[in-house]
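This report goes through a structure contact by contact, then turns to its charged pairs, its pockets and its overall build. The sequence and model are shown first.

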Amino acid sequence: MMSWAGLFSLTNLVAVLGWIALLFLPRRPLVLSTILYACVGLLCLAYLAMFAATFGGLVDAGRVAGTAPPDLSNYSIQGIRSLFMSDGGIVIGWTHYLAFDLFVGLWIARDGDAKGISRWIQSPILLVTFLAGPIGLLAWLIVRGWRSQPR
């Protein structure tokens, strides 16, 4: 298996390529399908493989010395913290964010295009979604709601 640092770099590259395509390429069906399947889908597949390999004990997660193994049933702050006390946990968690943020960005772009909302309005929201997913989604929901109000 590739190193955790290598997987981190590779998943970032896939996500950035998807975001570049979403922001700068014409939004034709082939481009949108490529972003969905070759970027979001690939990130989801990578997430599945890393998750299964790590929590199935097939790979070394690179735990921080002296930390206990994670307990997937412990949804306390301490339990969640234990998930991220390894290189593997960080890369898996980051890949989760990358996949969902890109999927949300794709939805925003498709929704904006369908509603006739300019790419000049969409683009800053997509950039915020790329950098801070939920804030970008909130901004889109506000713009979307505002635009749907009768004038």
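## Leu137 and its contacts

Leaving aside residues up to four places away in sequence, Leu137 touches Val104, Trp107, Ile108 and Thr129, where contact means heavy atoms within 4.5 Å. Leu137 belongs to helix 6; helices (H or I, at least four residues) and strands (E, at least two) are DSSP runs, numbered from the N terminus. Between the C-alpha atoms of Leu137 and Val104 the separation is 7.2 Å, although the two residues are 33 residues apart along the chain. Leu137 counts as partly exposed because its relative accessibility is 28%; buried means under 20% relative accessible area, exposed over 50%, and partly exposed in between (1.4 Å probe, protein chains only).

The model is predicted: local features need pLDDT of at least 70, side-chain atom pairs count only at pLDDT 80 or more, and totals for chains, interfaces and linings use all residues. Residues are numbered from 1 along each chain as its sequence is written, and side-chain values use heavy atoms, with hydrogens and water left out.

## Thr54

Thr54 is a residue of helix 2, and with 12% relative accessibility it counts as buried. Not counting residues up to four places away in sequence, Thr54 touches Trp4, Val59, Ala61 and Ile92.

A polar atom of the Thr54 side chain lies 2.8 Å from the backbone oxygen of Met50. A polar contact is a pair of N or O atoms within 3.5 Å; within protein, one must be able to donate a hydrogen and the other to accept it, and residues adjacent in sequence count only if both atoms are side-chain atoms.

## Salt bridges

Side chains of opposite charge can pair when their charged atoms come close. The whole structure contains three salt bridges, each a side-chain nitrogen of Lys or Arg within 4 Å of a carboxyl oxygen of Asp or Glu. One of them joins the side chains of Arg27 and Asp113 at 2.8 Å, N to O. This pair links distant parts of the chain, with Arg27 in the loop between helix 1 and helix 2 and Asp113 in helix 4, 86 residues apart. Arg27 counts as buried at 14% relative accessibility, whereas Asp113, at 33%, counts as partly exposed.

Asp111 meets Lys115 in a salt bridge of 3.1 Å, N to O. The side chains of Arg144 and Asp111 also meet in a salt bridge, at 2.4 Å, N to O. Arg144 lies in helix 6 and Asp111 in helix 4, so this pair ties together parts that are 33 residues apart in sequence. Through shared partners, the salt bridges join Asp111, Lys115 and Arg144 into one network.

## Pockets

Rolling a probe the size of a water molecule over the atoms shows where empty space is left. The largest pocket has a volume of about 300 Å³. On a 1 Å grid over the protein atoms alone, a cavity is a set of points where a 1.4 Å probe fits but cannot get out, and a pocket is an open set with protein on both sides within 12 Å along at least five of seven lines; lining residues have an atom within 4 Å of a point. Grid points are joined across faces, edges and corners, and a volume is the space filled by probe spheres set on the points. The lining of the largest pocket includes Tyr47, Phe51, Phe55, Ile92 and His96. Helix 4 supplies the largest share of this lining, five residues. By class, the lining has nine nonpolar, three polar and no charged residues; Ala, Val, Leu, Ile, Met, Phe, Trp, Tyr, Cys and Pro count as nonpolar, Asp, Glu, Lys and Arg as charged, and the others, Gly among them, as polar.

The second largest pocket holds about 170 Å³ of space. Of its 14 lining residues, Trp94, Leu98, Asp101, Phe130 and Leu131 lie nearest its centre. Helix 4 gives the most to this lining, with five residues, and the classes are 11 nonpolar, two polar and one charged.

## Overall build

The chain has six helices and zero strands. Its C-alpha atoms fill a box of roughly 60 × 30 × 20 Å along the principal axes. Buried residues make up 34% of the 151 residues. Among contacts with a separation of 6 or more, 68% are between residues 24 or more positions apart.
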